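Subject: Structure handover, aromatic contacts

Hello,

Here is the structure for your files. My notes on its aromatic rings follow.

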Amino acid sequence: MSEQKFHLHDQADPIDEAHVRGKFGSRLGFMLAAVGSAIGLGNIWGFPYKMGTSGGAVFLIVYLVCIIFVAAPAMLVELSLGRHGQTSPVGTYKKIAPGTPWFLNGFMGVMAGFVILSFYSVIAGWVIKYFIVGLGKGFSEFTAEHSEDVLRGLQVGLTEPLVYQALAMILTGVIIYMGIEKGIERAAKYLMPLLFVLLILIVVRSVTLKGAGAGLEFMFKPDFSKLNAQTVTSALSQAFFTLSVGMGAMLTYASYVSKDIHLGRSAIMIAGMDTGVAILAGLAIFPAVFAFGLEASGGPGLIFVTLPQIFAQMGFLGHLVGTAFFFLIFIAALTSMISILEPVVTWLVDDVNLKRHLATGLATTGAFLLGIPACLSASDKGVLGEYTVSLFGNELRFFDLLENLSINLMLPLGGLVACLFLLLGWKKRAAMEEVAGSEGNPDHWAIKLWYYTAITLAPVGIACVLVTWIYGFVNPTK
Ligand code: TRP
């Protein structure tokens with residue numbers, strides 16, 4: 001394998017020399033960025049928490065169906081659009097279908113990114129806190145009670161969680177401002193395999209705990225009586241979220257990819273690795289949840305009470321593994337946050353004509369400000385935990401409002417419109433050639449299969465789930 005190079009091709013807008021459009025020099029560079037975007041808190045925090053609140057094994061089955069038939073095909077739509085357009089999400093739609101309103105989908109993606117960032121940074125902040133705990137005393141004193149206490153400190157505190165959230169946001173902003181995203185992604189090339197190895201170590205410890213079997217049963221033995229509309233909505237939105245699909249992040253990354261790369265194969269690899277990490281995270285968490293007698297439906301705090309207790313069971317090694325693991329989760333979160341912030345910044349630079357440093361500062365500050373009420377309402381006991389926003393008779397805390405609207409509504413809608421664009425706004429032949437790349441065979445059966453899935457099954461599936469979600473949301477008493 002040849003070493004990748006990141007060339008900076010100067011395709012910049014001559015007016016703004018600070019804005020230079022980089023280009024991935026190789027398939028590896030692109031894969032690192034895309035996999036770095038996909039693997040993040042969605043896998044390690046979101047997946048176990050959603051699985052725990054949405055019925056265990058049943059959720060897993062529906063989730064896998066959603067990945068294979070909906071989210072991965074939609075990701076490939078984004079990837080092919082991105083490479084074809086060679087520009088921002090908004091610009092891509094304008095370029096392929098000038099004079100039509102499709103570009104609004106790119107715009108909605110920017111908004112979705114902004115909203116996601118605001119609550120994502122809250123959880124990334126919590127991860128920083130646990131990393132710092134690891135640097136200090138370690139996890140040996142994390143009993144069930146102590147775990148709850150530390151988590152509660154973050155959920156009910158004022159300055160502490162805000163400072164950590166700010167730190168996560170600032171780091172992301174600084175990396176984008178300095179234009180060293182690719183450096184971080186290259187570092188992740190060594191760090192992500194390490195994350196994988198540690199995850200396996202933790203899985204081994206977790207499944208060998210006494211009483212772990214119940215956790216495996218929870219994960220793999222489906223109880224179909226738990227299957228309902230909420231399971232399906234939650235699985236679909238998680239599938240979009242974890243693959244970074246529906247807001248143009250993958251589209252943006254693909255706009256930097258050279259023509260000889262087979263996007264179809266890339267999509268399969270990204271989705272495969274992402275799913276592997278999510279399932280491993282589940283295998284790390286649920287056996288321990290049951291062994292320690294915790295609640296599987298513990299919600300967003302689940303990994304933060306479970307992981308430290310596993311580390312406490314690992315003796316001396318636990319201090320090392322735990323600290324390293326929280327550090328690596330943070331790096332994974334960082335490469336994801338970069339991919340969420342980047343389209344927002346690019347949009348401010350390309351379409352609003354701001355200077356890059358101003359755009360970065362504004363986007364980072366804005367997401368942080370929006371994140372403040374989210375941070376203080378992440379639990380009902382938080383400073384703003386009692387305050388709810390009333391929407392169609394739903395009483396939602398601010399954190400839940402942002403999470404719900406972005407993940408359940410904006411991402412699936414963004415994916416749906418991208419699929420519809422493939423059907424109505426773009427040429428079949430052009431799309432299939434784009435997927436295959438200059439070296440691949442556009443007439444391959446797998447590409448045909450993708451095309452027909454992406455214009456039928458995927459949009460119909462998304463539309464059904466969306467309509468059900470909206471109906472349930474508007475009629476909450478039902
Ligand atoms: N996929 C990332 C995760 O699982 C989060 C993420 C990064 C994302 N970029 C995105 C989610 C774009 C939606 C859209 O943590």
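In these notes, a residue is buried when its relative accessible area is under 20%, exposed when over 50% and partly exposed in between, using a 1.4 Å probe and protein chains only. The model is predicted, and local features need pLDDT of at least 70, side-chain atom pairs count only at pLDDT 80 or more, and totals for chains, interfaces and linings use all residues. Residues are numbered from 1 along each chain as its sequence is written, and side-chain values use heavy atoms, with hydrogens and water left out.

There are 25 aromatic pairs in the structure. Rings of Phe, Tyr and Trp (its six-membered ring) pair if their centres lie within 6.5 Å; planes under 30 degrees apart are stacked, over 60 edge-to-face, and the rest tilted.

One of the pairs is Tyr-120 with Phe-241, tilted, at 6.0 Å between centres and 55 degrees between planes. Tyr-120 belongs to helix H5 (residues 104-135) and Phe-241 to helix H10 (residues 229-242), so this pair ties together parts 121 residues apart in sequence. Helices here are DSSP runs (H or I, at least four residues), numbered from the N terminus. Both Tyr-120 and Phe-241 are buried.

Phe-139 and Phe-311 also form a tilted pair, 5.4 Å centre to centre with 50 degrees between the planes. Phe-139 is in the loop between H5 and helix H6 (144-156), and Phe-311 is in helix H13 (residues 302-312), so the pair ties together parts 172 residues apart in sequence. Phe-139 counts as buried at 1% relative accessibility, and Phe-311 counts as buried at 1%.

Ring pairs also link a cluster whose members include Trp-126, Tyr-130, Phe-139 and Phe-311.

Regards

Definitions and conventions
Helix = DSSP H or I, 4+ residues; strand = E, 2+ residues; numbered from the N terminus.
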